[in-house]
Amino acid sequence: MKNIRPKADVVVVGLGWCGSLIAEELTRAGLNVVAVERGPWFETATDFPPSIDTDELRWDTRRSMLLPPAVETTTFRNNSTQKALPSRDWNLNEMGYNVGGSGTHWAGMAWRFTPFDLQPYTQTVQRYGKQQIVKGLILQDWGVTYEELEPFYDRFEKIAGVSGKAGKLNGKVIEDGNPFEGNRSSEYPLPPLEGMRLTDLFRDAAKSLGQHPFMVPAGQASKAYVNPLGVRMGPCTYCGYCLYYGCGNFSKSSPNACVVPALMQRENFTVLTESAVTRINKAEDGKTVTGVTYIDRNGQEWEQPADIVVLSAFQMQNVRMLLLSKIGKPYDPVTKTGVVGRAYSFQTVSGANLFFEDEYLNQFIGAGALSQQVDDWNGYNFDHTGKGFIGGAGILVVARGARPIGNADALPPGTPRWGKDWKKAYTHAFQNGTFIFGQGTSYSHEDYYLDLDPEYKDANGNPLLRVTYDYNENDRRSAKFVEDRSVEIGKAMGAKLVIGTNATNTSYSPYSFASDHTIGGAVMGEDPKTSVLNRYQQSWDAHNLFVLGASSFPNNAGYNPTGTIGALSLWTAKAIIEQYLKNPGPLVKV
């Protein structure tokens, strides 16, 4: 027998960055909001104090903060002729499993996408013509421009307490910032993090090659800070425990540190933890949604009615929930029609491994986003004529901190796997071994998509999400180009041994941890025939359903998605408050 909770104005599915940001905006506007979160409650002060947070075996090796594959996983294949099999071990689909979601364990790189990244089709055709687009590539504009999103990027950075240096401020290029970024209306709220020996080596080498290095915008507070919600953050101690970890110093930008403390003070906000949503409920006419059904920690089924549903889970989970709820037409790779599951992509990663001879990189310190980067070979920033691809990569080094267990494999080729010589090589490599990371763009392809697996199901009897994906020709060409640029920088840094790396040299696998930035499958756009959502992340098929997160992205940039996820969530919140509540219905007419 299904239990029914009191009706809410809004139900939010998933309380990560997207869910917490939009819940904060909507409750401040006076709406009654209920958030349904699959994972447990985490308290920063007690769950991540410095004495616990630095447990590498618990958080990094055993991934204790992630959703276990035994609870939910995906099946995978490289193409539609293969049989998909479940991913049964930890893989790159690193779904959060707590209040705060993936925003609790992320590394902290807080990027803005560029104007090109949001209008890749228009700007590519204007500059090169359609012949530059590789056959089969899905290239479409998002329906929202950088100029429209800029105020929301600005607000997200201030809420998150991002540390960085503007490169283009009110039309003026600023020295030591990123000259290729979109124009900014204000400086970052905090100055950049302190550099390390590794970032200095990279900076000097890049400058010697005529490139434009800058410190990466970081979701670690470089100084004590109070954000616009009144939440206090402490300065980063450079402990090196960011990626896969919480932050007991309240230094890392996360929903737990930056938004949830303010949100929990609101009497019109409720969070239901350890409650897994199984479907979005549709009205009898199929044109709107009425709330969600979920299963609580005791296995009891509940209905949470609401006037507005906000789906803000992990990218894969958003797409699966739409398919399970039969909202929107699933993509058919044969006819190339349908939209749910269409335009899925990943990230194109290449670079170089570096081994110095007598360096002191001091990798026992660092921060998740403490990086130096060049954008000279990213996106739209160089001439692609004759190269046969679009896009590129941000090329960077990461002074993240080398943990003892995870760094044990970062050794030169030919090193023994055990014994005296292994110990000697590891001791040397800890101070001398590092890598250059080319975080590349990725554009969807008509042959790769997400759908429901016809065979494998979860514990509730619902089909798992099936991933059909491999690198396309545009990926492979751009990855090789970025690999070569990375090798050039590595040699200029003075490394004794420089070895190019390229994830696209083999077929894609969810067990190859090149990146964890999966995107798309429920994308926003200007045409219901090619998108699930309109420019406000509102469903074309049910006007009181909004879907937030990286699932909205038609393509991936040469950056991680978090800053853009945050900006789009705030953009959608404003549209709901200022437009939808006054006149409920589609916000875009077709």
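Reply: In this predicted model, helix H8 (residues 146-160) and helix H15 (residues 562-580) have axes that come within 8 Å and cross at roughly 110°. That angle makes H8 roughly perpendicular to H15, and the crossing of the two is right-handed. On the H8 side, the contact is made by Glu148, Leu149, Phe152, Tyr153, Arg155 and Phe156. H15 brings Thr562, Gly563, Thr564, Gly566, Ala567, Leu568, Leu570, Trp571 and Lys574 to the contact. Sort the contact of H8 with H15 by class and you get eight nonpolar, four polar and three charged residues.

Now for the rings. The count comes to 30 aromatic pairs. One of them, Phe113 with Trp142, is edge-to-face, at 5.9 Å centre to centre and 75° between the planes. This pair ties together distant parts of the chain, 29 residues apart: Phe113 sits in the loop between helix H5 (102-105) and helix H6 (115-118), while Trp142 is in the loop between helix H7 (120-128) and H8. Phe113 has 1% relative accessibility, so it counts as buried, and Trp142, at 0%, counts as buried too.

Tyr469 and Tyr471 also pair up: their ring centres are 6.1 Å apart and their planes stand at 70°, so this pair is edge-to-face as well. Both of these tyrosines are buried. Tyr469 and Tyr471 also belong to an aromatic cluster, together with Phe76, Tyr344, Phe346, Tyr448 and Tyr508.

How values were computed
Residues are numbered from 1 along each chain as its sequence is written. This is a predicted model: local features need pLDDT of at least 70, side-chain atom pairs count only at pLDDT 80 or more; totals for chains, interfaces and linings use all residues. Side-chain values use heavy atoms; hydrogens and water are left out. Axes are lines fitted to C-alpha atoms, for helices over the stretch in contact, and angles run from 0 to 180 degrees between N-to-C directions. Helices (H or I, at least four residues) and strands (E, at least two) are DSSP runs, numbered from the N terminus. Angles under 35 degrees count as roughly parallel, over 145 as roughly antiparallel, 65 to 115 as roughly perpendicular and the rest as oblique. A crossing is left-handed if the near helix is turned anticlockwise from the far one by less than a right angle, and right-handed if clockwise. Contact means heavy atoms within 4.5 Å. Ala, Val, Leu, Ile, Met, Phe, Trp, Tyr, Cys and Pro count as nonpolar, Asp, Glu, Lys and Arg as charged, and the others, Gly among them, as polar. Rings of Phe, Tyr and Trp (its six-membered ring) pair if their centres lie within 6.5 Å; planes under 30 degrees apart count as stacked, over 60 as edge-to-face and the rest as tilted. Buried means under 20% relative accessible area, exposed over 50%, partly exposed in between (1.4 Å probe, protein chains only).
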